[in-house]
Amino acid sequence: MTFVGTDVIMVGGLAKVTGAVNYAPDLVLPRMLYAKALRSSYAHAKLLRVDASKAEKFPGVVALVTGADIDGLNAYFGPVVDDQPVVAVERVRHVGEVVALIAAESREIAEEALDLISVEYDELPAVFDLMEAIKPDAPVLHAQRNETNAGVHREEFNFQLGGNICSVFRVEDGDVTRGFAEADEIFENTYTLPPVQHGHIEPHAATAYWEPGGKLVIHSATQNPSGVQEQLAQIFRLPENQVRVIVPPVGGGYGGKTHARLEPALALLARKARRPVQWVLTRDEVFLTGRRYGALIKIKTGVKLDGRIVAREVESFYEIGAYALNGPVNAKTGCYVSSGPYNVPNRRLSTYSVYTNLPPTGPFRGVGVSHVCWAYESEMDDIARKLRIDPLELRLSHLVKEGDVFVTGEKLVSVGITDCLRRAADAIGWKGQIEQGEQAAPSNGRSVVRGKGLAVTIKSTTTPTTSSASVRLNADGSAVLLTSSVEMGQGAHTSLAQIVADELGLPFEKVTTSFPDTDVTPYDKSTSSSRTTFHMGQAAQKAAHEIRTQLLDVAAKQLEASPDDLELTDGAVSVRGMPNKRMSITEIFKARFGATVGSMFGGHCFKSAGGLDPKTGKGKAAAFWFFSACGAEVEVDVETGKVRVLNAVTAVDAGKAIHPKQCGLQNEGSLLTGLGSALFEEMVYDNGQPINSNFLEYLLPSLQDHPQAFRSLLVETPHPDGPHGAKGVGEAALPPVAPAIGNAIANALGGVRVRDLPVKPAKIVAALSAATEKG
Amino acid sequence: MKIAISTTINGRQIDAAVNGHQTLLEFLRDDLSLKGSVEGCGVGVCGSCTVLIDGRPVSSCLMLASNAAGKQVTTIEGLAQDGELDRVQKAFLKHQAFQCGYCTPGMIMAVTGLLAHNAHPSEAEARDYLSGNLCRCGTYVEVLAAVKELAEA
């Protein structure tokens, strides 16, 4: 019996329905203290003086750290560039920056003591608007640090010294100037997206302590145990084996927990307190800790009257907040796909990541790609409408196909995009809409119109990266997969166990998966970029294969058969076609070790190949590409601007669905997040001060917003390198959701379009009245 | 100042001294180590701290522990009896109506409250009743499937 491709019961489900999961905020350690942060109320200021003497003496306060406590350590860190202080040093660059962190016997005491810290600021000019920030006279956030490239860890994009532009990435094909000259029609528009929240219901949370010998132990709800370990080792100047990162089940991440956030300051505090300290953020603090990039995208397309796209130029600006975090990487990820999954002979694509005095950002499901997809897919429908071509046909005639050379210069492999689009279109009953939707003009006194929309996307997984795994087989025929892949609801521990069970011929229940613990589990790049099934899946499969080889070798000798004639199923090796000539795993252990104890090990470190030349933008961007499509049908009230999504379909090329149900759940999650950002989600700031940082004023999609009908479709175009042909799924469905909904709205409104997300009712009403005035 | 309360939690009488400002959620988590109810938003919007008070769903982050005096409190830990899951838990497991699971206890308690109030809810009624329980993983279709099965039982 094999398990890959079946919907086995999700690992950990029993604990989830009984409330027995121990999430990071649930941990209790003996003598544990509680942390609270004093945060900057200024968006940009010099720190003149931090006086914490009164707070330190407050009964119940055990330790307190400020920038002064970082002496002797590497004060700045970051996954790409070391620009973020562990605790604010000399300057604060956004509202909510941590100025001091207190450890006390209770949360209440810590909270009270915060009021006793006095801070003197000297306010500096700040910049919040993306396009203002790139002007030559804008206040500069990282003037000193920007003088050299020191502290830049990665070279895959072009760092900019000086102003607020952090990085630039460019790639070109053909001759864009000539392309525009040949065009019959030119389309040129600007699209914007506001910052939005990841919305993981579990806040960031961690607990840290130091062992007497100077080893740091930290339990954290992170998506990236190896990355957090690396950063802490660097900050505290420790060998990596003196930093132990343990990750329990995580209550939602969506990219928001991909990088070190609480861990550095908390570790510093725990070192001073000499006791375990726990830090759980409140919801308004989560809003100050991470979010999706705001963006502005300028897109220009040259088209022949027959519908052929001959040139496209895209300039995308990503607002990354006060610290780089992964901004440059994600802006690069957006760059080379910013003309879409289309063959365009002449194109010039550039992205900029830009610092502002807004709170920090980070990777967000669909990283960098949701931004440009909103622009290029909205643009496709505008072009189709103007040229009176079916938007489906316009897309189909330009979509990349198996073996096509992409703008990065690489050949595309496992390209199921055409199937995804056709199936999504069929599923929403697409009939070649160009004009208004089925219930075109409002009639019979009703003010409601309907429309349908489609959108597609292409996205890379971060490349090159490394994942390693080891598998241990016990003498009783049970096995453990040791992996640093984080279980955060996506089902990694289920699908990885399916892969290992099949490789070892074991019943699914005989395979368990460890939680990440860097003392035990080997290196993994991170649980992000929907890379786990592909990368960790291969590592796990190959690690299990090593054990398989050992089992067959021992059995071959005992059974006097060639290993090629043996099969391994249901916990036993037998000679093919001779069911009586068989040995159970326990018997093989006995034959090999002389006893029914011991362990067999297998291990594998998988590294994907590739990378792009930052000068040319050429190379290999992706170990595998995601392809997906979305179809949406909406109802719009033209009087109030209210939109209801009636029907939504996502179609994703999974390569091979290891666990089809979980793939469907990932797509449903992507759909809802996309729906929220399409219609209402938006973080709002007033002079850098967040003004809707709670779930009362910042709404997440509820069951009332969920479309009346939803379908997740899976296309399976096997990838030659993936385990069983599998690729990633997690975020693939997200980028096309907002443009599909936007296109459905524009379709319902006879081409009237809102280009700035979210498409709120007031914007629709304003766009309709502007269109009426224009006549 | 501590307030003495006597309350029934998952069928057991609990006599305790609570702080005046202590929420029921803090009491459950910090004093009783019942960690199944979790805080998501702290303002009674996300539903992940939902417990039943005399059979009705309540956001325990908004209720003072002292107000639980004399009440019957049921948390996620109180649903299974002698290791046997109750029918809502079984339906969630069967339909895989969870992903990360953080909102799941609250969602299960809300569904329990819904069925106590309306044994055969329509889909529209279920959507309305459960719209105060947010799931960012987006597992709503499966929650509705679980409710549908329970409503038709």
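The secondary structure of chain B comprises five helices and five strands, where helices (H or I, at least four residues) and strands (E, at least two) are DSSP runs numbered from the N terminus. Along the sequence these elements follow the pattern β-β-α-β-β-β-α-α-α-α. This is a predicted model, in which local features need pLDDT of at least 70, side-chain atom pairs count only at pLDDT 80 or more, and totals for chains, interfaces and linings use all residues. Residues are numbered from 1 along each chain as its sequence is written, while chains are lettered from A and ligands numbered from 1 in the order in which they are written.

**Confidence**
- Chain B averages a pLDDT of 97, with 100% of the residues scoring at least 70; pLDDT is the predictor's confidence in each residue, from 0 to 100.
- For the complex, the predictor gives an ipTM of 0.98 and a pTM of 0.97.

**Contact between the chains**
- In chain B, 37 residues are in contact with 39 residues of chain A, contact meaning that C-beta atoms, placed from the backbone, lie within 7 Å.
- Helices α2 (87-94), α3 (104-117) and α5 (140-152) of chain B each supply at least two residues of the side that touches chain A.

**A sheet in chain A**
- Three strands of chain A form an open sheet in the order β6-β2-β8, with antiparallel pairing; two strands pair if DSSP finds at least two bridges between them.
- The edge strands of chain A are β6 (91-92) and β8 (118-123), each pairing on one side only.
- Strand β2 (residues 45-51) of chain A pairs with β8(A) over six bridges, and A:Arg49 has A:Glu120 in β8(A) as its bridge partner.

Key
Two residues are in contact if their C-beta atoms, placed from the backbone, lie within 7 Å.
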